[in-house]
There are 2 protein chains.
Amino acid sequence: MYRTHKLNELRLSDEGKKVTLAGWVSKIRDLGSFAFIDLRDRYGITQVLIKEKDLLEDIKKISKEYVIKVEGTVTKRSSVNSKIETGDIEVTAENIEILSSSKQLPFEISDDNIQNEAIRLKHRYLDLRRSKMLNNIMKRNQMFYSIRSYMTENGFLDVDTPILGKATPEGARDFIVPSRTSKGDFYALPQSPQLFKQTLMIAGIDKYYQLAKCFRDEDLRADRQPEFTQLDLEMSFVHQEDIITFVEGLAKKVFKDVVGTEVTYTFPRITYDYAMENYGSDKPDTRFEMKLIDIKDIVKNSEFSVFNEAKYIKGIKVNSLFSRKQVKDLEDFVKNYYGAKGLVVIKKENDEVNSPIYKFLNDEIKNELESYIALENESTFFSIAGEKNVVLNALGALRLKLANELNLIDKSKYNFLWVVDFPMFEYSEEEKRYKAQHHPFTKVKDEDIKLLEENKLEDIKTDAYDLVLNGFEIGGGSIRIHDANLQSLVFDRLLIDKDEQENKFGFFLEALKYGVPPHGGLAFGVDRWLMVMLNEDSIKEVIPFPKNNKGQDLLTNAPGEVDLKQLEEDLKLKKIVDNNK
Amino acid sequence: MYRTHKLNELRLSDEGKKVTLAGWVSKIRDLGSFAFIDLRDRYGITQVLIKEKDLLEDIKKISKEYVIKVEGTVTKRSSVNSKIETGDIEVTAENIEILSSSKQLPFEISDDNIQNEAIRLKHRYLDLRRSKMLNNIMKRNQMFYSIRSYMTENGFLDVDTPILGKATPEGARDFIVPSRTSKGDFYALPQSPQLFKQTLMIAGIDKYYQLAKCFRDEDLRADRQPEFTQLDLEMSFVHQEDIITFVEGLAKKVFKDVVGTEVTYTFPRITYDYAMENYGSDKPDTRFEMKLIDIKDIVKNSEFSVFNEAKYIKGIKVNSLFSRKQVKDLEDFVKNYYGAKGLVVIKKENDEVNSPIYKFLNDEIKNELESYIALENESTFFSIAGEKNVVLNALGALRLKLANELNLIDKSKYNFLWVVDFPMFEYSEEEKRYKAQHHPFTKVKDEDIKLLEENKLEDIKTDAYDLVLNGFEIGGGSIRIHDANLQSLVFDRLLIDKDEQENKFGFFLEALKYGVPPHGGLAFGVDRWLMVMLNEDSIKEVIPFPKNNKGQDLLTNAPGEVDLKQLEEDLKLKKIVDNNK
């Protein structure tokens with residue numbers, strides 16, 4: 001037997017017991033006539049005391065991260081360590097066996113002095129020995145189990161859908177998998193199980209959930225990975241309110257199980273339009289105020305031509321002053337990343353309000369403006385004028401940037417929030433056509449179906465909702481279209497021609513003709529959700545084996561080369577090359 | 001609100017209540033002055049009575065599988081239906097709304113008259129409405145939750161490992177995924193999370209499990225799919241006995257939750273050698289006896305040259321007689337599929353034993369043989385002589401075939417069984433080298449390490465074990481090698497050269513150098529396991545959306561064509577073509 005106890009188990013009440021322990025050597029202090037080893041496993045740490053001469057000789061071979069087995073007797077400790085569960089005792093060693101040695105470590109197993117990401121990912125098995133990472137893995141397990149218990153208690157069936165699927169339309173790029181048996185054809189890895197879950201509703205499953213692996217071949221960033229985990233759920237015979245109520249209960253349960261505290265408030269709900277107009281974002285971080293202030297009516301008739309021509313003029317107020325250099329940097333930020341034409345600054349310093357644009361404003365406008373934005377002393381107002389989307393997005397980003405840089409965000413707060421009434425379509429300047437803002441299966445609000453029929457796409461709202469936590473969209477969903485004709489009309493409006501409809505969605509349009517319950521659901525990005533709950537900066541901290549930002553697994557060196565013979569078989573090279581001519 | 005009650009909920013105690021129900025029209029009987037609808041959902045069936053004139057007119061539009069909403073009053077039923085939970089009541093309709101219509105069905109929603117597989121898979125959303133299939137989906141959900149509860153209660157962490165991985169060595173063919181960012185490289189979909197789970201043990205996770213999706217690009221058959229679900233588990237600081245004990249508890253718990261009855265016996269254990277010698281299979285179905293009888297010592301010195309030369313002479317006994325045509329078919333079976341040279345038949349008919357080979361046997365041998373095999377009247381003994389593997393495999397297959405055809409198997413029995421002490425290597429005639437019978441990470445028995453060092457591979461046994469249920473291997477595992485040098489020696493013995501070791505396993509051989517706990521585990525094929533528990537003939541009956549035997553998803557038409565632009569980007573055609581020159 002390798003162990004009689006785990007390393008968090010022994011107590012003073014075990015004094016005198018013969019025990020066998022096994023684990024990693026976390027610390028070793030050789031004091032000559034005696035020595036201590038801190039022995040570590042997943043559960044905790046137990047101190048081992050070595051006094052016997054032979055053993056003192058033996059342990060000279062042992063260094064950090066060796067795996068050893070210790071037989072000994074539980075003894076009371078002279079100096080108690082209240083930081084660990086076993087801190088009242090130590091085990092006086094009678095025998096020590098080396099189970100596995102360790103060579104020199106590339107980095108210390110410690111939560112201080114964290115190494116660069118590449119080294120951590122390459123030696124993930126060492127990185128995961130750090131207590132913070134072990135804790136994250138355990139929290140992830142806890143979150144998964146919490147979700148599954150709640151869903152099961154509420155009558156949801158866990159139904160697994162295929163990974164080897166069909167190319168998904170609309171959305172990100174698919175990963176593809178060549179088929180050996182179906183010559184020249186490819187599977188696609190799912191971006192989400194959307195059509196399968198709707199198919200399950202048509203099958204009568206009534207309540208479905210799945211913790212599903214999803215895949216997107218997109219450029220990566222801190223909160224995106226090529227493969228990620230989605231809590232996917234769908235319910236039949238429900239309205240938006242039923243789903244929101246259920247999911248709110250779920251989110252509170254998971255929060256309690258993972259973070260350990262209760263969320264006692266009802267999640268606020270705001271519309272998409274309200275979120276955009278007031279926060280410049282459809283996933284606002286409401287842990288700080290700094291709402292967008294509309295000054296168009298006040299300044300539109302000034303001598304400042306930028307203001308005269310602008311469709312939107314809004315600004316945000318910060319209790320801080322900025323140097324010329326700082327203002328220039330902020331202006332570059334909104335110009336370069338969000339296409340703003342400029343950044344207008346109004347500041348109040350030494351009780352005096354001033355601005356480079358004041359020469360264009362008459363006293364009446366100045367007075368009205370100052371009274372409206374009500375700047376406190378030592379404060380700044382940043383304003384952007386221009387097209388609606390540019391103004392809102394740029395100010396939304398500026399708001400976040402300033403709040404982060406000025407430390408205005410209370411990191412101990414967790415602000416949940418529903419954003420509802422999303423538009424059905426958004427116009428893509430790039431493709432010169434309307435695209436579905438969520439996805440084409442989203443139910444248009446009953447009162448807006450007329451607009452859809454009349455092809456007035458700009459103003460159509462949907463029964464779609466996002467769940468936002470601290471400025472991150474952690475979940476999103478909608479009531480779905482359950483009528484084949486309406487679904488087909490949406491495809492028409494998206495300029496998907498009938499051939500493409502048949503090719504990509506034919507099976508689903510067919511399924512919609514055999515008795516479909518009204519249904520809707522939601523999908524959570526569980527990696528991101530966990531990241532936010534654990535206050536981590538990257539989803540890589542909460543995924544056991546993540547890829548780096550180039551999509552590589554540095555542990556195993558994936559992706560890698562493949563045998564040419566397999567390539568030829570899989571890819572039917574000749575056929576593909578011929579097709580390309 | 002679409003419904004106040006599900007369709008299994010209403011009872012006599014609800015009499016007089018106004019209720020709203022929604023579901024599928026399962027049956028409709030229009031008797032002129034009144035009509036009945038059987039309304040169905042996932043939970044049950046409730047009878048709706050239609051008496052009002054307008055409603056009787058309205059429901060003429062309704063046919064089977066329409067989705068409707070019914071408002072009405074719970075009333076006592078005149079003729080009770082004890083087959084359904086709501087059989088004491090009916091709901092007298094006051095209003096009926098069609099939520100979704102259904103066109104003519106391609107097949108009846110019924111457990112009788114099952115259609116061919118292709119039609120069922122194409123309309124899986126209808127197939128899953130059948131009560132048997134719905135039950136299978138619910139049992140699958142129950143099995144998953146049962147597993148997760150048990151693993152969680154026992155301190156196992158659910159840790160998810162990547163789907164986009166590195167090509168797996170040894171074993172079946174990989175599915176590959178071209179990488180867009182890493183030019184010309186490929187991910188591989190995992191055949192199992194073997195190296196990741198061992199890496200997790202090195203990371204100190206101690207107890208890991210996962211319901212993992214695994215992938216093998218093999219030719220398909222009834223109990224194989226290109227993607228399947230594996231319960232993968234691994235434990236540290238354990239011996240074989242610890243794992244077997246734990247897994248036996250798990251299997252009993254899952255059995256009880258899925259089948260509903262208790263397995264009260266301790267699972268028998270037999271060695272691999274015993275299984276092969278007695279059943280001609282390493283996964284014997286022990287629900288019937290018919291063990292292999294060794295007659296070599298008795299007949300080896302007869303005049304029959306086949307017997308003189310054979311290394312193995314064994315046979316099985318069946319309480320049945322066979323026509324010449326039947327014997328010929330059985331002989332063809334063992335010849336064509338298992339390479340047997342012939343099939344020797346001895347039969348006892350009208351109390352007389354006879355055989356075509358009797359002319360070669362003297363009376364002494366005949367007597368000894370008859371006394372040894374002790375044929376009852378109207379019985380047959382089938383014997384095969386030849387090489388060990390041919391004799392055992394052919395008789396094992398014949399044993400199963402006869403038992404199935406003669407209905408000798410008690411289908412109500414569930415025989416669990418451990419097979420232990422598997423060989424480490426098996427010789428591949430095809431590749432002219434030894435291959436790992438399980439996988440190269442399996443721990444050689446301590447006493448056989450010497451044989452490994454001496455390169456005597458034939459007789460090496462391992463700490464590997466399979467769990468067998470009714471003749472199916474439902475799980476298999478082993479204690480793993482936790483020593484880098486021993487692991488490397490096994491690779492050497494498998495003739496994997498150092499370059500290939502470094503390329504394929506380099507990261508893992510490196511990980512084995514940083515303090516590795518002794519560890520081991522097991523993997524269940526949960527689809528097959530569930531199939532056996534539910535007495536189904538194919539895993540397609542227990543997988544929500546299976547592929548057909550050509551690897552196609554007939555519902556969505558995957559695999560399919562992919563956009564040429566994506567192909568060019570993904571596959572770096574030029575590079576691949578250049579490499580092929």
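**Group meeting: domains, rings and charges**

Chain A is divided into domain 1 (12-100), domain 2 (115-270 + 517-581) and domain 3 (288-405), with bounds that come from an automatic or database domain assignment. The centres of domain 1 and domain 3 of chain A, taken over C-alpha atoms, are 64 Å apart.

This is a predicted model, where local features need pLDDT of at least 70, side-chain atom pairs count only at pLDDT 80 or more, and totals for chains, interfaces and linings use all residues. Residues are numbered from 1 along each chain as its sequence is written, chains are lettered from A and ligands numbered from 1 in the order in which they are written, and side-chain values use heavy atoms, with hydrogens and water left out.

Now the charges. Over all chains, the structure holds 107 salt bridges; the term means a side-chain nitrogen of Lys or Arg within 4 Å of a carboxyl oxygen of Asp or Glu. One of them joins Lys17(A) to Asp14(A), with the closest N and O atoms 2.7 Å apart.

Which of these two is buried? Asp14(A) is, at 9% relative accessibility, while Lys17(A) is partly exposed at 39%. Buried means under 20% relative accessible area, exposed over 50%, partly exposed in between (1.4 Å probe, protein chains only).

In chain B, Lys443(B) and Asp463(B) meet in a salt bridge at 2.9 Å, N to O, and both residues are buried.

Last, a ring. The charged end of Lys401(A) sits over the ring of Phe333(A), 4.6 Å from its centre; this requires NZ of Lys or CZ of Arg within 6 Å of the ring centre and within 35 degrees of the ring normal.
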